[in-house]
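Please look at the sequence and the structure before reading on.

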Amino acid sequence: KAGDAVAERPGQQYNPLFIHGPSGVGKTHLAHAIGNEISARSGGGLAVACVPSERFASELIAAIGAGFVERWRARYRAADVLILDDVHMLAGKERTQEELFHVFNTLHAAGKQLVFTSDLPPRMIQDLAHRLRSRFDGGLVVAIDVPDRALRARIVTRALMQRGLQPDVDFVQVVADQPLRSAREIMALVHRLVAASEAKNAGLGAEFARGELQPVSRATPLRVPIHAVDP
């Protein structure tokens, strides 16, 4: 809902929007979706910058070395929407944090939208400048938790539909029962099961899923062909 509100009225509500949660729960996907929606709604009229924090920092280092810091600043300050992914990666990088602080202030004062993602909430990011932490906490801080069973089922269904497959309800429930901790893990498992079903020319039903997910018995002896053993 917060993402929808930001996409509908960028810079006017929940600014900044700070999204945090463990790796793989979909923070980057959500951030990109917000940026794409803002761009689509504006007909491309708003400049959306969606940047990994490591690239933000490396570009700054390169700009300092080449003497183009002002050009670097101007490029980011010209954005209507700045989405900075994995901002926890800036911990301990004092110069980058200083530049981000000033970019933040410039954009925020101009009513531009800021979105950040992180593995940790602002208060738990080590070696983060207090004034930057204060800016992050000044907006809406949202946690994305490990998906529960209902969310896992929705992700499985969406993954199947994206591949043009009609989801089987029982198959979806079997997969959703697995203790998967992220959308990435769920998508990977669905892709593996689909590939296995295509290779075996089998339907994606509950029994097929159970068979593929059943652990291999340790009691089964490893059979090695005689000709493969050195004399």
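Where is the place of Ala-5? Ala-5 has its place in helix H1, where a helix is a DSSP run of H or I with at least four residues, a strand is a run of E with at least two, and both are numbered from the N terminus. The structure is a predicted model, in which local features need pLDDT of at least 70 and side-chain atom pairs count only at pLDDT 80 or more, while totals for chains, interfaces and linings use all residues. Residues are numbered from 1 along each chain as its sequence is written, and side-chain values use heavy atoms, with hydrogens and water left out.

Because its relative accessible area is 13%, Ala-5 is buried; the term buried means under 20% relative accessible area, exposed means over 50%, and partly exposed lies in between, with a 1.4 Å probe and protein chains only. Ala-5 and Ala-196 stand 191 residues apart in sequence, and their C-alpha atoms are 40 Å apart in space. Another such pair is Ala-188 and Ala-91, which are 97 residues apart in sequence and 30 Å apart from C-alpha to C-alpha. Ala-188 is found in helix H9 and, at 45% relative accessibility, counts as partly exposed.

**The backbone**

Most residues other than glycine have a negative phi, and most peptide bonds are trans. Against that background, Asn-15 and Pro-16 are joined by a cis peptide bond with an omega of about 5 degrees, and Pro-16 is found in the loop between helix H1 (2-8) and E1. Tyr-14, which has its place in the loop between H1 and E1, is not a glycine and yet has a positive phi of about 55 degrees; with a relative accessible area of 33%, Tyr-14 is partly exposed. Asp-127, which is not a glycine either, has a positive phi of about 55 degrees, and is found in the loop between E4 and helix H6 (130-137). Asp-127 counts as exposed, at 59% relative accessibility.

**Aromatic rings**

A pair of aromatic rings is described by the distance of the centres and the angle of the planes. Here rings of Phe, Tyr and Trp (its six-membered ring) pair if their centres lie within 6.5 Å, and planes under 30 degrees apart count as stacked, over 60 as edge-to-face and the rest as tilted. By this rule the count comes to 7 aromatic pairs, and two of them are set out in the table.

| Pair | Centre to centre | Angle of planes | Class |
|---|---|---|---|
| Phe-18 and Phe-116 | 6.4 Å | 35 degrees | tilted |
| Trp-72 and Tyr-76 | 5.2 Å | 55 degrees | tilted |

Phe-18 is buried, with a relative accessible area of 0%, and Phe-116 counts as buried at 0% relative accessibility. Phe-18, Phe-104, Phe-116 and Phe-136 form one aromatic cluster. Trp-72 and Tyr-76, by contrast, both lie in helix H4 (residues 69-77), 4 residues apart, which is about one turn of the helix, and both Trp-72 and Tyr-76 are buried.

**Charged side chains**

A charge sits over a ring if NZ of Lys or CZ of Arg is within 6 Å of the ring centre and within 35 degrees of the ring normal. In this way the charged end of Arg-71 sits over the ring of Phe-68, at 4.2 Å from its centre, and Arg-131 lies over the face of Phe-101, 4.1 Å from the ring centre. Arg-73, whose place is in helix H4, counts as buried at 19% relative accessibility. The side chain of Arg-73 makes a polar contact of 2.4 Å with the side chain of Glu-70; a polar contact is a pair of N or O atoms within 3.5 Å, where, within protein, one must be able to donate a hydrogen and the other to accept it, and residues adjacent in sequence count only if both atoms are side-chain atoms.
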